[in-house]
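Please look at the sequence and the 3D structure before reading on.

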Amino acid sequence: MKWKKIAYTRSGRIFINGLWKDNPVTCMVLGICSVLAITNRLDNTLAMSAGVIFVMVTTSLLVSWLRSFIPVRLRILTFMLIISTFVICVDLFLKAFFPEISRTLGPYVGLIITNCIILGRAESFASKNKALYAFLDALAVGLGYAYILIIIALIRELLAYGTIFNYPLLPSFFPKMDVLGMAPGAFFVLAIVLWIYRTLQARKHPKKSSDQG
Amino acid sequence: MPLSHHLLIFLGAIFTHNLALTYILGMCPLIALSGHLKTAFGMGLAVITVMLFTALFNWPLYHLLLKPADASYISYIVFILIIAGTVQLLEIIIENFFPRLQNAFGIYLPLITVNCTILAISLFIVLRDYSFSETLIFSLGSGVGWTLALLIIAAIKEKLSLQSDVPSGLQGAGITLIIAGILAMVFLGFTGMMKIQ
């Protein structure tokens, strides 16, 4: 019963929205370039999700604190500057402590800057709300993003290479579907995840079904 | 050698290393704007233009200013500022001097600042250490390749919307992703024909 009450507080609602209702990947279909490009291995995916969550939380906090000082006309540019500053932190951190992952991720770390989810949350939520809520929202949306990524990476790594975290899991006679490790597999797996999510969503809220054509 | 080398980079950027279908970049506009062939064409033109101009500015900036000053770690900030500036500049120029182009692709320009393909090109030319002429060819080819993918998807979706019965959960983004996946498989067929790095 206590659990149910939490769901009706403001912070609880923010969390549920970020994780399920307005999930950035499956509901809004934003920032999916990196979802697709780096999910062929689980370790890359974890590094990427951690990076995105870090940038998202710090950006939202800073934007929320500075929200009365940021001029309206220059706000997008200011958000971009804040985001790229934190992305540089992530990039340098990965280069220093995980050079291997940094090399495989290549340009995709830098591309966190143009991940529209971060800019979208800064613009639509953090610039209008108190720091605490901005923090919770960024965390929830970041986690919502991360768990979809991890699901996709699990499916792809297991079926494409037969491994999890590079640890062989499937018996050797199991056919390895190489195509899932490459670009087409990314598209297909995300499409299927989207399909499942939308079907579940439509069952819950029958009125609100498909989006733009 | 140089001419065929450049031709290889150009064709490679279109077919074997297609931005949209091999590197999976620029997906947000690909999903949102692939409903009609005309919008797709406008967006494609805008992307090609901005891509070429930002590469034109970013290469000298990186190699003549940031690298000698040993400040390449701030390149992300510089690149994103240049991209935002270029987009703004192109907007003003088109609005004032080429009002006819405004309807063709001017209206898509503001969306391009957060299009990841543009930033990706600047990062690729740094990672792969391209020379200036290679950079120009590569960015042009990448833009053309991305536009090609967008146009093919838009054309398929236009046909699809007339005569197909897509499950409701798959409508919109889902079916676009599946089309893109099949197209990506087609483009996989080009790999091995040429190699750029």
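Which residues in H6(B) meet which residues in H7(B)? On the H6(B) side they are Thr117(B), Ile121(B), Phe124(B) and Ile125(B). Their partners in H7(B) are Thr135(B), Phe138(B), Ser139(B), Ser142(B) and Trp146(B). By class, this contact has 5 nonpolar and 4 polar residues, and no charged ones. The model is a predicted one.

Two packed helices are described by the angle between their axes and the distance between the axes. For H6(B) and H7(B), which spans residues 132–162, the angle is about 145°, and the axes lie 11 Å apart. The crossing of H6(B) and H7(B) is right-handed.

**The interface of the two chains**

The size of an interface is often given as the accessible area lost when the parts come together. Here chain B and chain A bury about 3,500 Å² between them, and 82% of that area is on carbon and sulfur atoms. On the side of chain B, the residues that lose the most area to chain A are Ile24(B), Tyr76(B) and Leu177(B), which together make up 19% of what that side buries.

The table lists the residues that each chain brings to the contact.

| Chain | Residues in the contact |
|---|---|
| chain B | 44 residues |
| chain A | 42 residues |

Four helices of chain B each supply at least two residues to the side that touches chain A: H2 (27–32), H4 (75–97), H6 (116–127) and H8 (173–188). The largest share, 10 residues, comes from H8(B). The residues on this side of chain B divide into 33 nonpolar, 10 polar and 1 charged.

How many salt bridges are there between chain B and chain A? The count is 0. Across the same interface, 2 residue pairs are in polar contact, both at pLDDT 80 or more.

**Salt bridges**

Over all chains, the whole structure has 5 salt bridges. One of them joins the side chains of Arg75(A) and Glu123(A), at 2.9 Å from N to O. This pair links distant parts of the chain, as Arg75(A) is in helix H5 (residues 75–97) of chain A and Glu123(A) is in helix H7 (residues 116–124) of chain A, 48 residues apart.

Note on methods:
Residues numbered from 1 in each chain as written. Chains lettered and ligands numbered in written order. Predicted model: local features only at pLDDT ≥ 70, side-chain atom pairs only at ≥ 80, totals over all residues. Heavy atoms only, no water. Contact = heavy atoms within 4.5 Å. Buried area = accessible area lost by both parts, 1.4 Å probe. Salt bridge = Lys/Arg side-chain N within 4 Å of Asp/Glu carboxyl O. Polar contact = N/O pair within 3.5 Å; in protein donor to acceptor, adjacent residues only side chain to side chain. Nonpolar A, V, L, I, M, F, W, Y, C, P; charged D, E, K, R; others polar. Axes fitted to C-alpha atoms, helices over the stretch in contact; angles between N-to-C directions. Left-handed = near helix turned anticlockwise from the far one by under 90°.
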